[in-house]
Amino acid sequence: NAKLYSDLARRLDEVQAFHELSQVTPYARTASDVACGLLEILRRRLDYVHAAVYLTEGVGRPLVPVAVAQDKGPIMAVESDRRPPPSVMSSLRTQLTDPTLRKVVASGEPARLEGEPRGDHQFLHAGMQVRLTVPMKLGDQVLGAVDLESNQPGAYQGPGMRVVLSLAYGAAQAIQNLRLFAEAREVDTLRELDRVKSELLQTVSHELRTPLGAIKGFTTTLM
């Protein structure tokens, strides 16, 4: 059965892509590391001319770029200690107000544009033929979006889009795990600070009681 074989091949491709991402995420220390790994896999599997990953703290909150690749150039993390060149950062800041990115994050639904721009759905770079924007979604929670642009007509359809959606979901899981780990570590740190504070107060209280007791005894003797 040709259709069954095609479905199995498509599913296998998605599983393999997900497996590739799972090989990267255990070594990721930041969301940018996860996003860079995601863009690397998408480049190998589907190719693109421009790509970026954006995160948000919630619906209505600002989008923050965490990884970018432009003009088939290197994949760059966007962090305070390793920022892309100023020209790239300027382009990213402009993209943060893009209506399509905001709509995808708000709705949790992917958006694909091919050929001519339609209304607010525009290409971010000149000369592109296809743009795909997918949410990074866990259940009803949208953590961000992946945006890809290609100069090849017909890109990111059917199986290609499903691969992007699958990888975006996997990346969202990895980033959420990093956030939860950071929160747990912060709680442990606060508990340790509270313990140290309690010990310090006990020590100070004891040290104060000792000389005060001696003074009280000496005063009693004098009287």
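Arg 44 and Glu 40 form a salt bridge, with N and O 3.9 Å apart; the term means a side-chain nitrogen of Lys or Arg within 4 Å of a carboxyl oxygen of Asp or Glu. The two residues are four apart in helix α2 (residues 31-45), so about one helical turn separates them. Helices (H or I, at least four residues) and strands (E, at least two) are DSSP runs, numbered from the N terminus. Arg 44 is exposed, at 52% relative accessible area, while Glu 40 is partly exposed at 33%. Here buried means under 20% relative accessible area, exposed over 50%, and partly exposed in between (1.4 Å probe, protein chains only).

This is a predicted model, in which local features need pLDDT of at least 70, side-chain atom pairs count only at pLDDT 80 or more, and totals for chains, interfaces and linings use all residues. Residues are numbered from 1 along each chain as its sequence is written, and side-chain values use heavy atoms, with hydrogens and water left out.

A second salt bridge pairs Asp 47 with Lys 72, their closest N and O atoms lying 2.8 Å apart. This pair links distant parts of the chain, 25 residues apart: Asp 47 is in the loop between α2 and β1 (50-56), and Lys 72 in the loop between β2 (63-69) and β3 (76-77). Asp 47 is partly exposed at 36% relative accessibility, as is Lys 72 at 44%.

Asp 147 and Arg 131 also meet in a salt bridge, at 2.9 Å from N to O. Asp 147 belongs to strand β6 (residues 141-150) and Arg 131 to strand β5 (residues 130-138), 16 residues apart. Both Asp 147 and Arg 131 are buried.
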